[in-house]
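User: I would like to learn how to read disulfides and helix packing in a model. Please take me through them.

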Amino acid sequence: MVPHLITALTGPINELEQRILESLPAIERWFRLEWMEHTPPFYTSVDVRNAGFKLAPVDTNLFPGGFNNLTQEMLPLAVQAAMAAIEKICPEAKNLLLIPERHTRNTFYLSNVARLKQIFHQAGLNVRLGTLDESIKSPTQLDLPDGSSLMLEPLIRTRGRLGLKDFDPCTILLNNDLSAGIPKVLEGLHEQYLLPPLHAGWAVRRKTNHFQAYEEVAKKFAKLLGMDPWLINPMFAKCGEVNFTDGTGQECLMSNAEALLAKVRRKYKEYGIQEKPFIIVKADAGTYGMGIMTVRDPKDLADLNRKTRNKMSVIKDGQEVSEVILQEGVPTYERVHDAVAEPVVYMIDRYVVGGFYRVNAERGIDENLNSPGASFVPLAFAESNQLPKPGVKPGASAPNRFYMYGVIARLAMLAAAYELEATDPDAEVYE
């Protein structure tokens, strides 16, 4: 089943799908060469939006939750990719310490942790869970809705190593995005592999850095395919000193919104798109769909009501927002059972391992779908999206549509690799 595209503007996207399929050998070779130069993030999930006239990533997560939304059929791919990733980093690895988010009472999130544990166990590792929650002083069992359970254990730090009681791992896998800052216990672990590295967390990472790197990747890729990079790249701008509570930085927001909307309008005119453009304003650091709003007119930013100000001023872990990214809004014209939907693609190492649709009947085509009311539909990602079907009419074949999404998601993952190299505090400096 291919999700229904409810727009007359499917021409450009069908053409893009056709072009991507025709260029498959060149694309795969291009990725291969890029991965010889750059290290992929350990695991990544990418939110993609399909407007019919444009297809672009709108968010790239380097500490993905949601592995529990992948179907059973996708597991062999995930296990294989996990094996490849571990083999590259620490082939003699025996023990893996998995550190989840602190707010571990959320059963959906815990099911994701259980799935990660299963994947890495099947990849040949002893996996145990250590928690950053200092209130947990002894092994604590958490029960899951499916009848299984997880054991959370307190971390033990000894000089340059981190482990648990009677458990010394060679590799530590973070599934905690460090929104609240970098905990002392994770600093200076020079004897173990910490994945992803600390500078991949939101304490350091910024979306504007990511989309700047993505712009570079999109230009290279568009040159390879002989197309306009705008078709796969959302334009953006940044505002540094913003305080939604007292209104500081309002001019910066309004002038940047005005300029960005004008750029989008020009592109719409060039492609004969009759839509009204919009932009998304969101915190430059952080996830969980918090601190996000849709802006159709810069004047809307002048008179934000108190509810919106409060919503925009604080994100996950109570972190205050002072930097925002303004991003060209990419409407999603895909529908699953009449509800607005966007594909989310999951990768381990450089391999696409699966994905699902985030579906939200309570939201519009120009809104953030990662919010209450969202559900997850594995859909045709259950088929292998690595193997497109040549010769099928564009827009009609699920494997072809998903192969295209996998290509876009890998471009975002490559951008994350560029971004991590640029922000690496321990990068080798060549004079």
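**Disulfides and a helix pair**

Analyst: Cys 239 has 0% relative accessibility and is therefore buried (under 20% relative accessible area; exposed is over 50%, partly exposed in between; 1.4 Å probe, protein chains only). This is a predicted model, where local features need pLDDT of at least 70, side-chain atom pairs count only at pLDDT 80 or more, and totals for chains, interfaces and linings use all residues. Residues are numbered from 1 along each chain as its sequence is written, and side-chain values use heavy atoms, without hydrogens and water.

User: Which cysteine forms a disulfide with Cys 239?

Analyst: A disulfide is a pair of cysteine sulfur atoms within 2.5 Å. Cys 239 pairs with Cys 252, the sulfur atoms being 2.4 Å apart. The link is left-handed, with -105° about the S-S bond. Cys 239 lies in strand E12 and Cys 252 in helix H6, so parts 13 residues apart in sequence are tied together. Helices (H or I, at least four residues) and strands (E, at least two) are DSSP runs, numbered from the N terminus. Cys 252 is partly exposed, at 29% relative accessibility.

User: How many disulfides are there by this rule?

Analyst: Two. Cys 90 is joined to Cys 170, S to S 2.3 Å.

User: Where do H2 and H5 meet?

Analyst: Contact means heavy atoms within 4.5 Å. Ala 26, Ile 27, Trp 30 and Glu 34 of H2 meet H5 residues including Val 217 and Phe 221.
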